[in-house]
Amino acid sequence: MTSPQFFDVVVVTDSRLVGGGNKSLAQEITAQAAAGYTTGLLSLSGPARGGGRPIDSSLQALIESGQLTMIRPDQDTEANLVIARGPSMFEVAQPFKPRLRARHWLLVANAFNTSREVSGMLYDPIEVENRAAELFGHQWTWIPLSTVVRQNMLRSYPKLNLSAHTWSNVINTSDWWIDRPQTLKRPIRLGRHSRDAPGKWPSDEAELLSAYPSDPGFEVSIMGGARTPTGILGALPDNWNVLPFGAMSPKDFLREVDIYPYFHHPLLKEAFGRAVLEAVATGAIAILPHYFEAIFYEAAIYAEPREVADIAGRLAESPSYLKERRDEARNLLEERFSHRSHIERIRSLIGPPRGTVIPAAPSVPVLRDISLTDSGKTTVLFYTDNGHGLGHVSRLMAYAKRLSPAFQPYFLTMSEAYHLVFEQGFPVEYFPSAKKMGFPAKQKPDWEEIFYLRMTMMLDRLNPAVVIVDHVNPPEILRLLKQEYPAIRFVWSRRGLWRQHRKPAGLRMADSFHYVIEPMDLAAAIDMGFTTRQSQGTVYVPPVSLVQRDELIPQAEARAALGLPETGTVVLLNLSADSTSDLVSMILRIKTLLLKYAGEDENLTIFAPRHALHSAELGQIDGVVMKPVYPVALYARAFDAAISTAGYNSYHELVHLGIPSVFVARATHTLDDQNRRASFAPIAGFGRSAQQIDSLEFEEALKAVLDPQQSSRMRAAALEASPVNGANTAAAAIEIIADNSNPESLESLLQAATFATGELRSINNDEMFQGESNPETMQSSVSASGRTEQRNVDEPPPVAGSMSDTTHVYTDGAEAQ
């Protein structure tokens with residue numbers, strides 16, 4: 001008897017259809033093949049019009065390349081996952097009964113409309129569900145393509161059994177991206193790509209001409225035909241350029257489109273918008289109806305047709321706003337609609353591909369009541385944002401690992417790298433962010449309700465003395481939790497150096513905490529952000545590092561562990577980027593320059609750690625040693641120099657550990673002012689900086705860190721600038737706050753902290769004390785567990801402190817001008 005053919009994934013669809021559904025399916029199959037998953041295709045006959053058609057070209061190409069295998073109807077087949085796309089095909093009687101067995105069965109609701117006036121996407125979900133179960137002998141789980149589909153279906157079928165997740169379309173973000181000029185051309189280039197159907201166009205003449213203006217200041221390109229608008233307008237505007245559907249590839253069409261307004265019939269609600277996804281993936285700015293926000297979040301601008309011209313004008317007049325919108329869209333697509341995000345959801349359903357050798361990994365953290373095993377210890381709950389990397393969770397682990405044995409740390413984190421917390425020895429639970437749960441900005445209160453329930457359960461179970469929150473915009477619900485749990489002290493771990501003039505809504509949450517711990521920034525002397533005006537009740541501690549000098553692995557041992565040569569120069573590349581392709585490009589460019597300036601006879605080795613959240617996608621790069629290692633700072637003695645982004649943790653660890661570095665700020669619009677932090681390195685003498693790697697400034701910086709004399713001076717300046725690790729002081733503060741009975745020791749701690757930073761700040765706490773610290777009387781900074789980090793009072797102050805008189809912070813919140 002022949003054994004059944006096995007596939008990791010089997011897709012069921014009407015393969016003749018040439019619309020967005022099969023195009024999106026092809027993207028998923030491509031991603032699966034790249035990740036090692038095998039995919040089979042079982043084609044059914046749906047209600048396609050126009051007679052028999054050839055197989056969709058995108059699916060045909062995958063078959064020819066060996067990434068997709070056709071399954072015969074009579075073939076015995078097994079799979080871990082079956083995904084069906086196009087529910088209406090189940091309403092058509094099939095001439096065969098498939099012989100397919102699987103673990104998981106997902107029926108994707110691609111679209112669902114209730115008006116024949118605007119769409120033919122009509123089907124009866126109950127009938128589809130019953131017929132699909134009868135045909136395959138198994139019940140399926142509905143999973144909507146988007147929140148819009150979910151709402152439409154539940155409106156008509158409120159008892160329908162829908163998955164809590166969505167199955168968003170994906171796109172190869174690296175392949176689609178187009179490098180565009182930093183300013184828009186004139187006339188402003190608008191465009192849209194869609195089928196020419198009544199439902200796809202606004203039905204009102206005024207709205208149509210508002211969305212696609214006849215003004216000669218605009219150039220409007222349309223691919224897909226324009227019979228519908230011709231019928232509405234009588235004649236098309238002179239500035240419209242109309243192409244038939246399929247006249248060229250969508251990417252080539254979008255090269256000549258900078259702004260992509262897409263508006264349609266008022267009765268239509270798109271299930272997703274494949275063409276919109278493609279436009280945004282090229283860097284075009286999409287302007288869409290407001291309901292699309294539940295699908296594309298921050299990746300587009302949401303407006304009415306009458307607002308299109310004004311928005312386009314602002315984008316044309318403000319290059320910074322244009323860049324901000326492009327960056328936000330690109331980051332969002334990478335997070336939610338990329339091949340990587342698709343592989344993450346496949347892996348969460350069925351694990352790795354069959355036959356994959358799984359490397360040794362820590363066991364999954366077990367939820368437990370720590371009071372049962374750690375009786376007598378005081379619990380401290382650490383809660384972190386997810387952020388763009390590991391900064392939040394690393395900072396809180398720096399605090400946690402320096403608490404005395406009398407305290408039990410416990411973590412709740414939104415970081416998908418929660419396994420790293422477990423590997424560091426801390427119990428941890430993961431809670432997805434609102435974005436990961438699929439909540440758009442308008443539904444953030446719904447997510448907060450879920451978060452509230454999770455937090456109350458944890459607080460009741462763990463009974464912590466203190467809750468430490470490291471989050472840029474703390475959830476509003478923390479205000480209520482503070483009121484409901486008066487015995488618990490709530491503390492905000494809030495780093496400074498916010499971008500000038502940026503005042504996020506989260507700043508008003510300061511009164512939701514009993515204290516604010518602010519890890520100081522070496523660039524505090526040039527900090528122009530709003531936290532400099534929020535000194536009251538703030539515990540300032542020296543710059544924080546997860547790893548400190550006395551924990552470093554000896555050089556020979558560190559190099560051996562990383563697979564590096566015993567001798568020669570080793571340069572660390574500690575970089576991050578918006579996409580894997582961008583990161584690879586950065587590494588290759590820096591590698592070329594390092595080899596150029598190191599000289600032909602130089603024994604140079606380049607090391608790049610694999611990021612915990614992206615290591616699966618990043619292939620081996622020739623000439624670069626790459627290993628998944630965390631925290632890489634433990635191996636600092638292996639490196640002679642570093643090229644690094646200027647995030648808080650990376651920057652301060654490299655300086656504290658004395659590694660001569662070139663700092664390159666990430667070009668993002670996040671709150672953290674990396675540009676200002678990077679620029680302070682050459683001012684202080686402990687490093688160099690550059691705005692971008694393709695610049696003479698960067699090449700000069702590279703030559704400096706490779707020069708032995710300059711490198712030696714940088715190392716000495718770095719060790720002097722950051723002599724202590726503020727994580728010890730933060731841990732001591734947390735212990736005193738947990739005790740909640742000795743305000744005098746807290747005052748002493750604050751005095752020690754201000755002295756250790758080399759900057760005197762006036763700190764006013766109405767409940768506990770008033771007064772200023774006196775550095776003349778302090779000889780050391782207090783750390784957890786009774787440890788001290790000694791510093792001679794006769795030594796010169798840290799570099800940051802020597803410039804601190806350029807910024808003065810007063811207790812009334814006013815900033816010196």
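Modeller: Buried means under 20% relative accessible area, exposed means over 50%, and partly exposed is in between (1.4 Å probe, protein chains only). The model is predicted, so local features need pLDDT of at least 70 and side-chain atom pairs pLDDT 80 or more, while totals for chains, interfaces and linings use all residues. Residues are numbered from 1 along each chain, and side-chain values use heavy atoms, without hydrogens and water.

Biologist: Why is Arg 489 called buried?

Modeller: Its relative accessibility is 13%. The limit is under 20%, so Arg 489 counts as buried. Arg 489 lies in strand β17 (residues 489-493); strands (E, at least two residues) and helices (H or I, at least four) are DSSP runs, numbered from the N terminus. Among the residues Arg 489 touches are Tyr 515 and Ile 737, where contact means heavy atoms within 4.5 Å.

Biologist: What makes Asp 446 partly exposed?

Modeller: Its relative accessible area is 36%. That value falls between 20% and 50%, so Asp 446 is partly exposed. Asp 446 lies in helix α17 (residues 444-462).

Biologist: Why is the pair of Phe 272 and Phe 337 called edge-to-face?

Modeller: Rings of Phe, Tyr and Trp (its six-membered ring) pair if their centres lie within 6.5 Å; planes under 30 degrees apart are stacked, over 60 edge-to-face, and the rest tilted. Here the centres are 5.8 Å apart and the planes are at 70 degrees, so the pair passes the distance limit and counts as edge-to-face. Both residues are buried, and they are 65 residues apart in the chain.

Biologist: How do you know that the pair of Phe 411 and Phe 426 is tilted?

Modeller: The planes of Phe 411 and Phe 426 are at 40 degrees and the centres 5.4 Å apart. Phe 411 lies in strand β14 (residues 407-413), and Phe 426 in the loop between α15 (418-423) and β15 (428-430). Both Phe 411 and Phe 426 are buried.

Biologist: What makes helix α23 roughly perpendicular to helix α24?

Modeller: The axes of α23 (residues 696-706) and α24 (residues 708-721) come within 5 Å and cross at roughly 85 degrees. Axes are lines fitted to C-alpha atoms, for helices over the stretch in contact, with angles from 0 to 180 degrees between N-to-C directions. Angles under 35 degrees count as roughly parallel, over 145 as roughly antiparallel, 65 to 115 as roughly perpendicular and the rest as oblique. Therefore α23 is roughly perpendicular to α24. Residues of α23 including Leu 706 meet residues of α24 including Pro 708.

Technical notes. Lists of a residue's contacts leave out its neighbours within four places in sequence.
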